[in-house]
Amino acid sequence: MVQRMFSSAARRYDLNNTVLSFGLHHYWKRYAIDQANIKEGGRVLDVCSGTADIAILLAKRVGPSGHVTAVDLNPEMLEMGKSKVHKYGFEGIVSCTLGNAESLQFGDNRFDAATVGFGVRNVTDLKKAFSEMYRVIKPGGRVVCLEFTQPENRIFRSLYDFYSFTLLPAMGTILSGDRTGIYQYLPDSIRKFPPAEALRQLMLGVGFSKVSYTLLSGGIVAVHVGIK
Ligand SMILES: C[S@@+](CC[C@H](N)C(=O)[O-])C[C@H]1O[C@@H](n2cnc3c(N)ncnc32)[C@H](O)[C@@H]1O
């Protein structure tokens with residue numbers, strides 16, 4: 001069901017992201033990759049890469065001597081990602097590959113870091129997805145997870161709930177012409193996702209030696225960093 005929604009949303013995904021987040025998603029993504037400790041020449045994995053925004057930011061960091069592997073389960077989203085990588089001239093650095101976050105096709109200890117942006121909320125087995133990212137990064141490497149979370153301040157939360165449950169589904173549906181219900185699914189999935197501290201505990205349970213997180217934009221987004 002989730003995959004059908006992303007296939008339908010793929011073509012207008014970037015435009016909708018920018019309009020519905022008031023452009024903030026660019027800042028959140030830049031902030032997240034700043035936490036990944038990426039060096040020139042590094043090898044980085046971007047899971048649930050979608051239209052490859054994060055992979056492209058990572059490519060700028062690793063430079064021509066590095067490599068970014070962008071993995072996503074959805075061919076339509078990945079196609080949009082591939083054309084963007086091509087448009088920005090990063091084909092030599094970024095490879096876009098079909099793959100499942102819950103069962104990554106890479107060997108152990110392959111990458112210096114792994115990132116995932118607004119992706120783990122959609123996977124069936126969250127623990128499995130984090131175990132897989134943990135498995136494929138080198139000891140000392142980082143997994144950075146950028147994801148929506150629920151603001152704790154009650155007043156801000158009621159404003160945010162109004163926006164995300166009422167305005168966002170209406171605007172998203174009009175902008176995209178969507179008939180699959182993706183813009184209703186998005187706020188629902190945020191409510192069902194573990195709060196930031198519970199996610200930190202889950203990551204520790206998977207094996208990360210240290211996990212910290214930062215809340216952004218009034219607590220609607222959390223960036224978790226786990227060190228292997
Ligand atoms: C909301 S989009 C985020 C895309 C991109 N990371 C961004 O921040 O703009 C979520 C992406 O996760 C992908 N996805 C969902 N479940 C997945 C899974 N099990 N394995 C890999 N990708 C998955 C979807 O196909 C979709 O492209």
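This briefing describes helix packing, the nonpolar core and selected loop residues of the structure above. The structure is a predicted model, in which local features need pLDDT of at least 70 and side-chain atom pairs count only at pLDDT 80 or more, while totals for chains, interfaces and linings use all residues. Residues are numbered from 1 along each chain as its sequence is written. Helices (H or I, at least four residues) and strands (E, at least two) are DSSP runs, numbered from the N terminus.

- Helix α4 is mostly covered, since eight of its 10 residues are buried, where buried stands for 20 or more other C-beta atoms within 10 Å of the residue's own, exposed for 12 or fewer and partly exposed for values in between, with C-beta atoms placed from the backbone.
- The buried residues of α4 are D53, I54, A55, I56, L57, L58, A59 and V62, and what covers them includes α3, β1 (43–47), β2 (67–72), α5 (75–87), β3 (94–98) and β4 (111–117).
- D53 lies in α4, which spans residues 53–62, and D53 is buried because 22 other C-beta atoms lie within 10 Å.
- Between D53 and L199 there are 146 residues in sequence and 24 Å in space, taken from C-alpha to C-alpha.
- After α4 comes G63, whose phi is positive, near 70°.

**The nonpolar core**

- The largest nonpolar core has 65 residues, and those with the most contacts inside it are A55, L58, V68, V94, A114, M133 and V144; such a core is a set of buried Ala, Val, Leu, Ile, Met, Phe, Trp, Tyr and Cys residues joined through C-beta atoms within 7 Å.
- Helix α4 gives the most to this core, with seven residues.
- Not counting residues up to four places away in sequence, A55 touches D46, S49, V68, A70, G81, V85 and V94, a contact being a pair of residues whose C-beta atoms, placed from the backbone, lie within 7 Å.
- In soluble globular proteins, nonpolar side chains tend to be buried together.

**Helix pairs**

- The axes of α3 (residues 24–34) and α4 come within 10 Å and cross at roughly 45°, where axes are lines fitted to C-alpha atoms, for helices over the stretch in contact, and angles run from 0 to 180 degrees between N-to-C directions.
- Helices α3 and α4 are therefore oblique to each other, given that angles under 35 degrees count as roughly parallel, over 145 as roughly antiparallel, 65 to 115 as roughly perpendicular and the rest as oblique.
- The crossing of α3 past α4 is right-handed, a term used if the near helix is turned clockwise from the far one by less than a right angle, with left-handed used if anticlockwise.
- In this pair K29, R30 and I33 of α3 meet D53, I54, L57, L58 and R61 of α4.
- The residues of the contact of α3 with α4 divide into four nonpolar, no polar and four charged, with Ala, Val, Leu, Ile, Met, Phe, Trp, Tyr, Cys and Pro counted as nonpolar, Asp, Glu, Lys and Arg as charged, and the others, Gly among them, as polar.
- The axes of α7 (residues 154–176) and α8 (residues 182–192) come within 8 Å and cross at roughly 150°, so α7 and α8 are roughly antiparallel to each other.
- Their contact is made by S164, F165, L168, P169, G172 and T173 of α7 together with Y183, Q184, P187 and I190 of α8, and these residues divide into six nonpolar, four polar and no charged.
- The axes of α6 (residues 126–136) and α9 (residues 196–206) come within 9 Å and cross at roughly 55°, so α6 and α9 are oblique to each other.
- From α6, L126, K127, F130, S131 and Y134 meet L202, M203 and V206 of α9, and the residues of this contact divide into six nonpolar, one polar and one charged.

**Loop residues**

- G119 lies in the loop between β4 and α6 and counts as buried because it has 22 C-beta neighbours inside 10 Å.
- Leaving aside neighbours within four places in sequence, G119 is in contact with V47, C48 and A101.
- G119 and S49 are 70 residues apart in sequence and 7.7 Å apart in space, C-alpha to C-alpha.
- F22, in the loop between α2 (13–20) and α3, has a positive phi near 55° although F22 is a residue other than glycine, and with 8 C-beta neighbours inside 10 Å F22 counts as exposed.
- N109, in the loop between β3 and β4, has a positive phi near 55°, and N109 counts as exposed with 12 C-beta neighbours inside 10 Å.

How values were computed
Contact = placed C-beta atoms within 7 Å.
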